Amino acid sequence: MTAYLLKRLAIAIATLVLASMVVFAVLEVLPGDPARLMLGLNASADQVELLRNQMGLNAPLGLRYLRWAGGLLSLDFGRSYTYSVPVIDLVRERLAVSLPLALIALALSTIIAIPVGLFSASRRGRAGDTVAMGAAQLGVAVPNFWFALMLIYVFAVWLRLVPAGGFPGWGAGVWPALKSLLLPAVALALPQAAILARVTRSALIEVLNEDYIRTARAKGLPYRAVLWRHALRNAMIPVLTILGLQFAFLLAGTIIIENVFYLPGLGRLVFQAITQRDLIVVESVVMLLVAAVIAVNLVVDLSYAVVDPRLRSRQ
Amino acid sequence: MSLLEIDNLSLTIGDTPILKDMELSVAPGEVMGLVGESGSGKSMTALTVMRLLPHAARATGRVSFDGIDVLAASEDQMCALRGDDIGMVFQEPMTALNPVKTIGEQVAEGIRWHTRASRADAEERARKMLDRVGLPSAKFPLSRYPHELSGGQRQRVVIAIACALKPKLLIADEPTTALDVVLQAQILDLLRDLVAESRMGLLLISHDLAVVTEIADRITILRRGEVMEAGDTARTLSEQSHPYTRQLAQASMHVPARARPHGAASGQALLQVESVTRDYPGRRTSLLRRAPVIRAVDDVSLSMTPGQSIALVGRSGCGKSTLARMILALDRPSSGTIRFRGETITGKREAELKPARRDMQVVFQDPYGSFDPRQKVEKLVAEPLHVLEKKPTRAERREMVAHALHEVGLDQRDMEKYPHEFSGGQRQRLSIARAIITRPKLVVADEPVSALDVSIRAQILDLFAELNQKLGIAYLFITHDLTVARAITDDVLVMHDGKIVERGKTNEVFDHPRSEAAQALVTAAPDLHRAIARRMQEQG
């Protein structure tokens, strides 16, 4: 188990270093001089050169990478060209929205998907399964912003239970903040839950055909007990894989939903930074997401080992 | 009074009839053997008694167990019976246990469920049961996982699960078919003891007449869902009054007619294996230390002449398949050399191996798994042709496939079909057709008949014998079934722990085994003649 853990950790760190090099290199070859961008078109060549020296842009490539990577480690991401504030402050502010949003959506998706998957798999081919999987098909096919608009119409406009958009900030109290994240989280969770329910169902159906399910039935366990005790855990590996991918998506791929609900999340930050060529911000957020995805993958890998003892003893 | 009584049982799945007017009974302390070929409805009979049939199955008639009408009982009543009064053991021990739960959990689970015992009490009983089936706590603590156990050990765990609550009836569906003969003998002994200990009834399902004869008091012979004959084992099998019983008995002892081996005179050896060793890295115990070496094949030498038929026998895990893979140049020896028709094949690159590949082919055990289901027979049988010097034209290829199909007794029109359109025996014919299409000098056959029913097995053995005579192909037969080895080979090599421990003429070695490994194999191998004789003696 320790060997497995150490190996996974080493792979995660190596991936992170490699990814940081790629991100740095890509931004290095992109056209556009940050110093000129900051000083404007009227600045003289001398002024630009001076600022380049001040910013350390004339240093050798390797040194610049090390400085940049070192900065990342001490959470110093540099200053945004357009906002003129430390990038870390911008990111921190946006993460306060995006992280809770992603976690709530992920939790909702899991809570909906696993029971639906269990229900469908145990009634394979019967009416209940057909209805549930038809609904899941719809959930996969319909874009999440449409769900979002319907949710706003029903819960915000018609029932007036939650605000239609905007984010009051955590300073305004936990409940109001949570309330404004609820609809976007549901809108994000529904399509993800649909995918996850289908994965859970097919993984379970495969497991239910295994011989050890018959052994468990021959012990005298009722079908439901067999489903929960023997089938579910064996079906977890594909489910965990999809969950990991979904978390990464939910953290950064939510720009449409953020726009629909006027939420100041990471997605909008990146989008604005790209349109304004604020490369420092883009670079930092990309690195942050890379780190998050690698961390999630590490957690998923470790949870495989928790679920399946065969992985623990393998090298 | 009978413990289990099946009367007029008919079963259909969808529109397919499976059982028709089936009759069978098992008394307490009695062993009933249920014999039949695949698809005869043996397993479905067992699943009917357990009421674990597929959804589409419809059963009519009467199944009564200990006074309970099984077909009419509620699901709750059945759950109370299963695992408590009726235990069941399945064929495939490798997949019968849940891979993510410890063996302790899996044995204790049924005990806790039925007796509401505390975890500690249930685990204590599970411990005793595992000790009883021969898995002592020193080597097999409750915390072991199934993947850490071998096939025979796993089957013991399955038996422990089934017998944990001292059931009145144990149903064992081909419990030893996936195991080698030595393990098979051990498991049969264990079942026999469990029956004697608590007057448990045992319904033993098998396709192997010899196995059933060794252990069953009475026997029921099933064919296409109908009982052909039932009665006392010794009498039924010695009198063989029913034609189907006679057919089964003869097929299981079938020896193909073969003239004397050919070509033994020709001087040059076909295959020479010289001091071949194969090491695999074992499991590392520490990151810093080097992994210990597992020696799968240990200093093996052998030679074959053209047209010779040799059996390589041994228990599972003794290294026979590893040796075969090296001979086929699918794996490289750690040391030693292999020469085929005088050419060294060890350490050669793939392109240089083409001539050798043309002259040796392989037939695998599983006729179901060795074909791509989406390709037509023409393409499948023609697969080895890519090693030919000159690529055949499409017409030539069809001609060669047609010829090969004809040689194995199939029709040339079969080349337009897909593998699923063939029965198990026909599929094994297809794999033989694929093996002989390049006119090889050597065919390596890895358990080529062990997945087949006895009557089909007899036909396939005849085919092997015929091709040996007609085409002069040499065979290396890898098997743990001594009956097969006796039937088809002249010489035998007995392998144990990676070494060849005995060699000689097949009949001589099996009649008078000298090495311990060969003796163990011969003693454990079920033999129908011997088993019937012993039964007759016991019953006077």
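**View 1. Packing of helices H7 and H8 in chain A.** Helix H7 (residues 144-158) of chain A packs against helix H8 (residues 174-208) of chain A at an angle of about 140°, with the two axes 9 Å apart; axes are lines fitted to C-alpha atoms over the stretch in contact, and angles run from 0 to 180 degrees between N-to-C directions. H7(A) and H8(A) are therefore oblique to each other, a class that takes what remains after angles under 35 degrees (roughly parallel), over 145 (roughly antiparallel) and 65 to 115 (roughly perpendicular). Helices are DSSP runs of H or I with at least four residues and strands are runs of E with at least two, numbered from the N terminus. This is a predicted model, in which local features need pLDDT of at least 70 and side-chain atom pairs count only at pLDDT 80 or more, while totals for chains, interfaces and linings use all residues. Residues are numbered from 1 along each chain as its sequence is written, and chains are lettered from A and ligands numbered from 1 in the order in which they are written.

**View 2. Residues between H7(A) and H8(A).** Among the residues that meet here are Phe147(A), Leu151(A) and Phe155(A) of H7(A), and Leu183(A), Val186(A) and Leu190(A) of H8(A). By class, this contact of H7(A) with H8(A) has 13 nonpolar, 1 polar and no charged residues (Ala, Val, Leu, Ile, Met, Phe, Trp, Tyr, Cys and Pro count as nonpolar, Asp, Glu, Lys and Arg as charged, and the others, Gly among them, as polar).

**View 3. The side of chain A that touches chain B.** In contact (C-beta atoms, placed from the backbone, within 7 Å) are 21 residues of chain A and 26 residues of chain B. On the chain A side, H9(A) gives the largest share, 7 residues.

Conventions:
Contact = placed C-beta atoms within 7 Å.
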